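These are my notebook entries on a structure that I examined entry by entry. Each entry records what I looked up and what I found.

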Amino acid sequence: MRFRPVGADALLVEVGGVEEASALYRMARDLGVPATDIVLGARTVLFDGVGDVPALESEVRGWSPAPDGVRPAAEQPVEVPTVYDGPDLDAVARAWDTTTRDVVAIHTGHELRVAFCGFAPGFPYCTGLPAGLRVPRLDTPRTRVAPGSVGLADEYTGVYPAASPGGWRLIGRTELVLWDPGRTPPATLAPGTLVRFVEVAR
Amino acid sequence: MSRTLTVLDPGPCTTVQDRGRPGWAHLGVPRSGALDAAAATLANRLVGNHEGAAVLETTLGGVSVRAGAAMTVAVTGAEAPVLVAGRERAFGEPLSLRAGDLLTVGPARWGVRSYLAVAGGVAVPEVLGSRSTDTLSGTGPGVLRAGDVLPVGEPAGAPAALDVAAVRRPAAPLCLRVHVGPRQDWFADEAPDTLLSSTYTVSEQSNRVGLRLRGPRLAPAEHRLSPDRGTVELPSEGMVLGAVQVPASGEPVVFLNDHPTTGGYPVLAVVSAADLGGCAQLRPGDRVRFAPR
């Protein structure tokens with residue numbers, strides 16, 4: 001773990017990978033660390049609004065979250081029922097040098113982890129596809145992407161919680177509601193959540 | 001008669017703001033809230049509200065509203081003409097409106113954002129514990145439009161007894177105190193000195209998301225240059241209010257209240273919370289410099 005103070009009242013803790021960052025994040029949430037915001041990043045956990053940064057640093061130094069690759073035994077993934085009929089499915093198949101059926105098989109065949117949320121409220125950046133299956137963003141983003149669209153960009157799978165412009169390669173869509181600020185909790189796929197995409201008929 | 005404010009002319013960008021919704025950054029929800037928090041607090045005190053009541057935040061051009069009932073209001077922040085039923089009234093003081101009165105906050109004489117507080121507070125529904133408009137994600141009420149009718153709460157206390165509130169015009173160039181870091185190792189060795197010894201100019205691209213600055217570029221460290229001389233991005237990480245983020249252009253952006261919660265461009269320094277209110281009042285062309293904290 002590497003500790004980087006951020007301004008006067010925040011601390012960025014850097015670790016080796018997504019699983020380690022998720023484990024540290026879960027621990028911070030479970031222990032109720034005194035911080036206004038605890039934000040999971042791809043390799044980091046940010047503690048913001050911390051009264052005593054040095055005290056938090058010594059506390060976190062004492063933790064031993066599970067190393068990368070170790071998952072809690074009883075953890076069950078949230079299933080995302082998905083119709084794989086996205087307009088970029090062919091392009092992704094070409095990028096992966098395979099067929100569209102294989103793209104669906106690969107995408108439904110791995111448990112993914114929400115590495116962090118960003119871009120829009122409740123928008124999950126899910127990682128866990130085999131290394132090398134990166135997908136470039138569209139050169140020109142679409143002006144409107146429908147809510148529930150499932151897309152790929154770089155190493156990530158994302159799901160659009162609401163309509164917005166977007167440059168992710170769209171492979172499918174889900175009717176799962178990802179974001180409802182009137183609900184507790186408001187996000188379906190919160191940071192650290194284990195996710196599995198499941199194919200359903202259109 | 002109803003306790004409402006009806007928007008006749010919303011001005012260029014008027015929003016509802018309170019102290020925002022910190023605590024939701026992990027889900028991608030910006031904190032939002034009044035950019036010049038001290039001015040919003042003062043406006044609330046003048047009308048007898050608690051400090052976290054929702055107010056209107058204008059942008060350069062003011063706002064016109066009609067009172068649906070008798071109510072007390074006050075305008076603070078960027079100094080602007082205040083007209084009630086066509087007559088100029090005092091800025092920075094509690095003012096009594098009668099039912100049907102037209103209140104106009106005119107264009108700012110200096111600064112950018114004026115705050116209009118009303119006794120009882122603007123009572124639009126809360127979203128995730130706040131009434132603030134978040135211009136980045138669209139959380140909370142929309143930017144005001146002509147014809148909007150804003151509910152107003154019941155007054156909580158008596159208006160302040162003071163006559164005139166002190167109006168503080170920010171210094172020029174504004175000095176922003178910073179803590180260097182957390183990602184100075186992603187920059188060339190001289191980048192912190194460049195930041196701390198240069199004067200930057202506020203760009204017209206600035207908004208509630210960030211204060212965009214023009215001036216000397218903050219060069220990336222050699223190890224961040226990819227073979228095609230583009231810069232390698234960081235794996236996305238959490239961002240704080242006041243972060244001095246440096247995108248590929250090399251010109252810094254100071255993150256304000258509607259900033260994205262995560263980002264892949266490195267942060268060279270973080271502006272002290274005490275100096276962020278001044279950022280709210282900087283106009284395009286105004287100059288800023290940075291000093292170590």
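**Entry 1: a pair of strands.** How many bridges join strand β3 of chain B to strand β10 of chain B? I found two bridges between β3 (residues 55–57) and β10 (residues 114–118) of chain B, and the two strands run antiparallel. I noted that strands are DSSP runs of E with at least two residues, helices are DSSP runs of H or I with at least four, and both are numbered from the N terminus. Two strands count as paired if DSSP finds at least two bridges between them. For B:Leu56, I read B:Leu116 as the bridge partner in β10(B).

**Entry 2: conventions.** I recorded that this is a predicted model, in which local features need pLDDT of at least 70 and side-chain atom pairs count only at pLDDT 80 or more, while totals for chains, interfaces and linings use all residues. Residues are numbered from 1 along each chain as its sequence is written, and chains are lettered from A and ligands numbered from 1 in the order in which they are written.

**Entry 3: the sheet.** I looked up the open sheet of chain B and found five strands in the order β2-β3-β10-β5-β8, with antiparallel pairing. Its edge strands are β2 (15–17) and β8 (95–97), each of which pairs on one side only. On average, neighbouring strands of this sheet are turned by 35° against each other, direction ignored. For such angles, axes are lines fitted to C-alpha atoms, for helices over the stretch in contact, and angles run from 0 to 180 degrees between N-to-C directions.

**Entry 4: strand β5 of chain B.** I found five bridges from β5(B) to β10(B) and three from β5(B) to β8(B), both pairings being antiparallel. B:Gly77 stands opposite B:Ser114 in β10(B), and B:Val73 has B:Leu95 as its bridge partner in β8(B). Is β5(B) covered or uncovered? Seven of the seven residues in β5 (71–77) are buried. Buried requires 20 or more other C-beta atoms within 10 Å of a residue's own, exposed means 12 or fewer, and partly exposed lies in between; C-beta atoms are placed from the backbone. In a regular strand the side chains alternate between the two faces of the sheet. Here I listed B:Met71, B:Val73, B:Val75 and B:Gly77 on one side, and B:Thr72, B:Ala74 and B:Thr76 on the other.

**Entry 5: an exposed residue.** I located B:His223 in the loop between β14 (210–214) and β15 (237–238) of chain B. Why does B:His223 count as exposed? B:His223 counts as exposed because it has 8 C-beta neighbours inside 10 Å.

**Entry 6: where the chains touch.** I found 32 residues from chain A and 25 residues from chain B in the contact; two residues are in contact if their C-beta atoms, placed from the backbone, lie within 7 Å. The largest share of chain A's side, five residues, comes from β3(A). By class, that side has 21 nonpolar, seven polar and four charged residues. Ala, Val, Leu, Ile, Met, Phe, Trp, Tyr, Cys and Pro count as nonpolar, Asp, Glu, Lys and Arg as charged, and the others, Gly among them, as polar.

**Entry 7: chain A overall.** I noted four helices and 13 strands in chain A. Of its 202 residues, 45% count as buried. The C-alpha atoms of chain A fill a box of roughly 50 × 35 × 35 Å, taken along the principal axes.
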